[in-house]
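Student: I am new to this structure and would like to walk through it with you. Could we take it one question at a time?

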Amino acid sequence: MERFAKRGVALVAAGLAGTLALAGCSGESLEGGGDKAAQGQTTLTVNFWGDMGLDALKAAYEKDHPNVKIVLNSGEYNAQHEDLQKKLVAGTGAPDISAVDEGFMVQFRGQADKFVNLLDKGAASYEAKYLPWKWAQSKSADGASQIGLGTDVGGLAMCYRSDLFKKAGLPTERDAVSALWPTWDEFIATGTKYTKATGKKFVDSGTNLFNPVLAQQPVGFYDTSEQLQMEGGPKVAFDVSMKAIDAGISANLASFQPNWDQGFKKDQFAVLACPAWMLGHIQETAPDQKGKWDIAAIPGGGGNWGGSWWTIPKQGKNVDEAYKFVEWMIQPAQQIEVFKTVGNLPSQPALYKDPAVLDYKKEFMSNAPTGQIYAATAEALKPQYLGKKNGPTRVEVENVITRVQQGSLKSSAAWPEAVKAAEKAANS
């Protein structure tokens, strides 16, 4: 899954408070000086972003493991990864368990010595259960270390508001909507019709066009030799983003920021790129829009946007209990529960044939067959190599797109700025 900020900002504060509280609990437990320690209780911190469907899992695990207390720290997407990096360098302060997104995984697997090698804990028995590329993406370059067990994969689709499409005179059935936009040019043309008919914007954000288009390219920011390749896939994706902004169909909302969430509630856009993990955010942000959203195909074909792993920093003091919890979370029952709760598609393909996933229809999304839609994309996609500096590079380029959306930079002058920003990240 990917990133969220409004909720994350509030929860960062909560997370910090929780971390401080946890520090006290952990110290008490380790030093054996308190009642909890006397009872042998272990506190596990879990850092992630957005909503990864952990609330119910935490309650269930704690009920069955009364000696374990789990503290969930949800924060902003970039901030969580940056904080993990700082803690790894400092050698202290990292959570017991940390989610890592695909955009940062290459960066962290290059520091495999700072993570628990899950192969030493018996994780090799799970290799055959995972999509091969998903398993490989979190292994060290020499194949000796596995630093993460996969949670979900993204896949790509488009979520749209059927009620707003109806008002604009556009088709509302998902197959007919899919037929409107086999290409990104036709998507922008459809958006132009929508905006002309309604006076409202069509799509949420330029960055949320840039990222899925980039995910569809054979090469992203970096090739496998870690060389920045801005004139390839990034240029294609950037041009689509600028074209949509110039066409006047983008609400120009900074994605994953508070005004973006308000945009959902105030009908400020009718469509957005929608990997599986986005479903939970839509439902959480705009619960009153149940039955108004549906899912269509994305222009330009397949691709993967997002998907995460659970990792265990080696500096943690509860490594064995942390692995037990991670191992429990990736079991089919828990993976299916998360899929139903927030939409995150498991990265274990056997589950795609499980009726609990395959036949699942998301009531909130007009009963769209989300299991079939996203399982098909996950099995068909060809993963893109993301590079060690992919995460920071993407942040820098997104910042340029945001400047265009905010009117402080003209689209015609934006590409050189994006290249300059990406080169700065690449050379940092």
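Student: How many disulfides does the count come to?

Tutor: Happy to start there! This is a predicted model, in which local features need pLDDT of at least 70, side-chain atom pairs count only at pLDDT 80 or more, and totals for chains, interfaces and linings use all residues. Residues are numbered from 1 along each chain as its sequence is written, and side-chain values use heavy atoms, with hydrogens and water left out. A disulfide here is a pair of cysteine sulfur atoms within 2.5 Å, and by this rule the count is 1.

Student: Which parts does the pair of cysteine 159 and cysteine 274 tie together, and how far apart are they in sequence?

Tutor: The sulfur atoms of cysteine 159 and cysteine 274 are 2.0 Å apart and form the disulfide. Cysteine 159 lies in strand E6 (residues 158–161), while cysteine 274 is in the loop between strand E7 (271–273) and helix H13 (278–285), so the parts tied together are 115 residues apart in sequence. As for the names, helices (H or I, at least four residues) and strands (E, at least two) are DSSP runs, numbered from the N terminus. In short, the link joins E6 to the loop between E7 and H13, across 115 residues.

Student: Is this disulfide left-handed or right-handed?

Tutor: Look at the torsion about the S-S bond of cysteine 159 and cysteine 274. Its value is about -60 degrees, so the disulfide is left-handed.

Student: Which residue in E8 stands opposite cysteine 159?

Tutor: Two strands pair if DSSP finds at least two bridges between them. E6 runs antiparallel to E7, with 3 bridges, and there the bridge partner of cysteine 159 is leucine 272. E6 is also antiparallel to strand E8 (residues 293–296), joined by 4 bridges. In E8, the residue opposite cysteine 159 is isoleucine 295.

Student: How many residues of strand E3 are buried?

Tutor: Strand E3 covers residues 97–101.

Student: Which residue in E9 stands opposite aspartate 101?

Tutor: E3 has parallel bridges to strand E1 (residues 42–49), 2 of them, with asparagine 47 opposite serine 98. With strand E9 (residues 308–311), E3 pairs in the antiparallel sense over 4 bridges. In E9, the residue opposite aspartate 101 is serine 308.

Student: Which residues does valine 400 contact, leaving aside neighbours within four places in sequence?

Tutor: Valine 400 has its place in helix H18 (residues 390–405) and, at 2% relative accessibility, counts as buried. Contact means heavy atoms within 4.5 Å. With those neighbours left aside, valine 400 is in contact with Phe238, Leu409, Ala414, Glu417, Ala418 and Ala421.

Student: What area is buried between domain 1 and domain 2?

Tutor: The centres of domain 1 and domain 2, taken over C-alpha atoms, are 26 Å apart, and the contact takes 25 residues from domain 1 and 28 residues from domain 2. Buried area is the accessible area (1.4 Å probe) that two parts lose on being put together, summed over both. Carbon and sulfur atoms give 56% of it, and the area is about 2100 Å².

Note on methods:
Buried < 20%, exposed > 50% of the residue type's maximum accessible area, 1.4 Å probe, protein only. Domains from an automatic or database assignment.
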